[in-house]
Structure formats: structure tokens, C-alpha cells
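Me: I am new to this structure and would like to know what stands behind the words used for it. Please take me through them one at a time.

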Amino acid sequence: MLLRHAKAEPAGSVGDQFRPLALHGRRQAVAIGEKLSGLGVEPQKVFCSAALRTRQTWELVSNGLDLDASFAQVEESLYLAAAENVLDVVRGCEEPDTILVVGHEPVMSSLAAHLAGPGTDAAVFDRVRIGLPTSGFAILESDLPWSEWDAGTALLVSTDSAEV
């Protein structure tokens, strides 16, 4: 699963990597945690960009999933990453069935579109092609081991976001 961070404060006196979530973003993150819990999503591995807004998003989402926020592995390489960099992180996994990556746009949507293969609903694909909104997520499935994930190897099952 690929999750774009929730709404952050506008750029200002702090560097981009240190921008915190806005109040609206905090509400979005809580709502996403509840939504994912309702879908039965249970990530066994979480990779999170080192940016403050992604870490804060995960902390609030993890509450809804009844997971300890420290469960996430913070990856410096996910901040300002290209889709291929995110895919390299995922390909390094061996065991878990469900991985969640908390990152940024346009990388989350472009990676979802890159991975989407045959059988993906056109309307779902169109949603990632236009980009994931803040707190937007894409769920992909494949029977392949993580090391073999590449262009067109997954089914893009759904996309959604918080409505707060």
C-alpha cells in the first residue's frame, strides 16, 4: 500500500523536510487510520519518509490500526525519492505479506500507476494518474515476491483518501 502524507503546513520559516501537519492534516491522518482499520489492512512492515509530515501522518494512522508508531522504519531515501527508489526499498523485503509506504507526491501515484497491470479497473487507474490527494492511498496486490515487483506486475485494487 502506498500512502501520501496528510495535509502539511505551508512552506514558511522551516525547511521543507521539517514542515509539520496542519490541523486539517491531523484530522485526515486519524480518518485514514480508521478507514484502513475498517478495510482490515494490517501492514506487517511500514516504511516512512524521514520528513516530519510523513512521520506525523504515520503516528496518527498507526493509532487507528492499533499499531505502535515505532513499528515504522524511517527511510531517509524516501524523502525526495523517485518511484524507482521507493520500489528498491520494497524489493528488499523478503517476508511480510503487507507493506505500507508513507511518502510524497508525485512519487506515490506514479509508482502505483507504474506497478498497475492487467485487470486494473480503468477508473481506479485514472485516479492515480491524476495524482493522490493529501492522505490518499493506493492498494496494490500481487502473488509475486517483492523482489520481482516491476512495471505492470500488480493489480491496483483501490484508491481512497480521507474526507474530513
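Reply: Start with helix α3 (residues 83–91), where A83, V86, L87, V89, V90 and R91 are buried. The model is a predicted one.

Me: What covers the buried residues of α3?

Reply: The cover includes β2 (45–49), β3 (72–75), β4 (99–103) and α4 (107–115).

Me: What makes E84 partly exposed rather than buried or exposed?

Reply: Its relative accessibility is 38%. Buried would need a value under 20% and exposed a value over 50%, so E84 at 38% falls in between and counts as partly exposed.

Me: Why are R91 and E84 said to form a salt bridge?

Reply: Their side chains meet at 2.8 Å, N to O. The limit for a nitrogen of Lys or Arg and a carboxyl oxygen of Asp or Glu is 4 Å, so the pair of R91 and E84 at 2.8 Å qualifies. Side chains of opposite charge can pair when their charged atoms come close. R91 and E84 also belong to a network of salt bridges that links E84, D88, R91 and D150.

Me: How many salt bridges does the structure hold?

Reply: It holds seven. One of them joins the side chains of D16 and R53, at 3.1 Å from N to O. This pair links distant parts of the chain: D16 is in the loop between β1 and α1 (23–39), R53 is in helix α2 (residues 52–64), and they are 37 residues apart.

Me: What makes R129 and D126 a salt bridge, and where do they lie?

Reply: The closest N and O atoms of R129 and D126 are 3.4 Å apart, and the limit is 4 Å, so the pair counts. Both residues lie in helix α5 (residues 122–129), three residues apart, or about one turn of the helix. R129 has a relative accessible area of 58%, over the 50% mark, so R129 is exposed. D126 stands at 39%, so D126 is partly exposed.

Me: Why is strand β5 (residues 137–141) described as largely enclosed?

Reply: Four of its five residues are buried, so the rest of the structure largely encloses β5.

Me: Which strands does β5 pair with?

Reply: Strand β1 (residues 2–4) is joined to β5 by two bridges, and the two run antiparallel. Here L3 stands opposite F137. Strand β6 (residues 155–160) also pairs with β5 in the antiparallel sense, over five bridges, and I139 stands opposite S158 in β6.

Me: What is in the largest nonpolar core?

Reply: That core has 28 residues, and those with the most contacts inside it are V86, V101, L140 and L156. At least two residues come from each of α3, β4, α4, α5 and β5. Helix α4 gives the most, with six. Beyond four places in sequence, L140 touches residues including L2, A112, W149 and L156.

Me: Why is the pair of W146 and W149 called tilted?

Reply: The angle between their planes is 35 degrees. Stacked would need under 30 degrees and edge-to-face over 60, so 35 degrees makes the pair tilted. The centres are 4.8 Å apart, within the 6.5 Å limit, so W146 and W149 count as an aromatic pair. The structure holds one such pair, and both W146 and W149 are buried.

Me: How do you know that T134 is buried?

Reply: T134 lies in the loop between α5 and β5. Its relative accessibility is 18%, under the 20% cut-off, so T134 counts as buried.

Me: What makes the approach of T134 and Q28 a polar contact?

Reply: Their side chains are joined at 3.0 Å, and the limit is 3.5 Å. Further contacts of T134 include R4, H5 and S161.

Me: What makes S161 buried?

Reply: S161, in the segment after β6, has 16% relative accessibility, under 20%, so S161 counts as buried. Among the residues that S161 touches beyond four places in sequence are I32, K35, T134 and F137.

Notes. Residues are numbered from 1 along each chain as its sequence is written. This is a predicted model: local features need pLDDT of at least 70, side-chain atom pairs count only at pLDDT 80 or more; totals for chains, interfaces and linings use all residues. Side-chain values use heavy atoms; hydrogens and water are left out. Buried means under 20% relative accessible area, exposed over 50%, partly exposed in between (1.4 Å probe, protein chains only). Two strands pair if DSSP finds at least two bridges between them. Contact means heavy atoms within 4.5 Å. Rings of Phe, Tyr and Trp (its six-membered ring) pair if their centres lie within 6.5 Å; planes under 30 degrees apart count as stacked, over 60 as edge-to-face and the rest as tilted. A nonpolar core is a set of buried Ala, Val, Leu, Ile, Met, Phe, Trp, Tyr and Cys residues joined through side-chain atoms within 4.5 Å. A polar contact is a pair of N or O atoms within 3.5 Å; within protein, one must be able to donate a hydrogen and the other to accept it, and residues adjacent in sequence count only if both atoms are side-chain atoms.
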